[in-house]
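Welcome! Have the viewer ready as you read.

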Amino acid sequence: MRIRTLTLAAASGAALLAAGVLPASASGTTNPASAQEGSVSAADLLAKVTSCSQISNGKYKTDDETSATVPVCGKNGAVFWKADMDIDCDGQRTTNCNEDRDPWYQDDTAFHQSDGNPLKAESLPYVVVPSSSSIWNYSSAGIKGGGVVAVIYNNKVEYAVVGDTGPTKIIGEASYATAKALGIDPDPATGGADSGVTYILFKNSKVSPIESHSAAVTLGDQLAKQFIRNN
C-alpha cells in the first residue's frame, strides 16, 4: 500500500526523463496478455453501476492532495466504486517491484499466497481496499482477502483479487499486473490512471488459491453473469 504524493510522482517522472531512463517492461512474468477476460462485456457491467446507493459513511480521497469525493456503493451481490488507479508494487521483490523502482515499496501484502508468502504485484492482478475505518469496513460488507474484483477501464475488463489494504481515507489502487493488463502505465512511481476506473467487488467470493489468476477469471466470469442477472 502507499499514499501517493502527486508532487513526488511528478518529480520522479522529471528525474527519469532528465536521465533518459524509461521504465523497464516486465519480463519473465505471467502478466495477463489480454484485458477482455471472461464473456461479460465492460459495457454490460458498466450499465449496472450507473447510479450509486452509498453504503459508506463518508467518501474517500483518490490521493493525498484531493478532496473526498468517492463513495462506496452497494448493489445486489457486490459493492463498487469509481476512482483513479494508483500502482501497488508491494509484496515479493521482482524486476519492476522493489525499493529501487517504488518509493513506497513494502515487502508484504495484507493477504498471502497459499504457501504463506506475500503476493507478487508484478504478475498477479490484485486490488487494494481501504483499511477498515469509520468510513467503511470492507469485511462487514462481505469483502474478504482473495475476493473477486472486476476492474473496468477503457472498455476492458480485468479480473483481480482483493490482495492488499491501504490508507483509511484513500481509494483507487491496484497491482502492477492489473494496470499493465488494462493498458495503464504500471510504473509505481510515475504511472497509474487519474480517473475512469471502475472496481466491482463481488461479495462473499474467494479465489483459492489466491495466487491463481485463472481461477479468478473463471469465478469472476460466473459472478459477473450473476451480477448482470440480479441487478
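## Disulfide pairing

With the bonded cysteines of the protein numbered in sequence order, they pair 1-2, 3-4. A search of the whole structure turns up 2 disulfides, a disulfide being a pair of cysteine sulfur atoms within 2.5 Å.

In one of them, the sulfur atoms of C52 and C73 lie 2.0 Å apart, and the link is left-handed, with -100° about the S-S bond. This pair joins distant parts of the chain, 21 residues apart: C52 sits in the loop between α2 and β1 (73-75), and C73 in strand β1. Strands (E, at least two residues) and helices (H or I, at least four) are DSSP runs numbered from the N terminus. C52 counts as partly exposed because its relative accessibility is 39%, while C73 counts as buried at 4%. Buried means under 20% relative accessible area, exposed over 50%, and partly exposed in between (1.4 Å probe, protein chains only).

C89 and C97 form a disulfide too, with sulfur atoms 2.0 Å apart and a left-handed link at -65° about the S-S bond. C89 is buried at 0%, and C97 is buried at 0%.

## Confidence and conventions

This is a predicted model: local features need pLDDT of at least 70, side-chain atom pairs count only at pLDDT 80 or more, and totals for chains, interfaces and linings use all residues. Residues are numbered from 1 along each chain as its sequence is written, and side-chain values use heavy atoms, leaving out hydrogens and water.

The protein averages a pLDDT of 89, and 85% of the residues score at least 70; pLDDT is the predictor's confidence in each residue, from 0 to 100.
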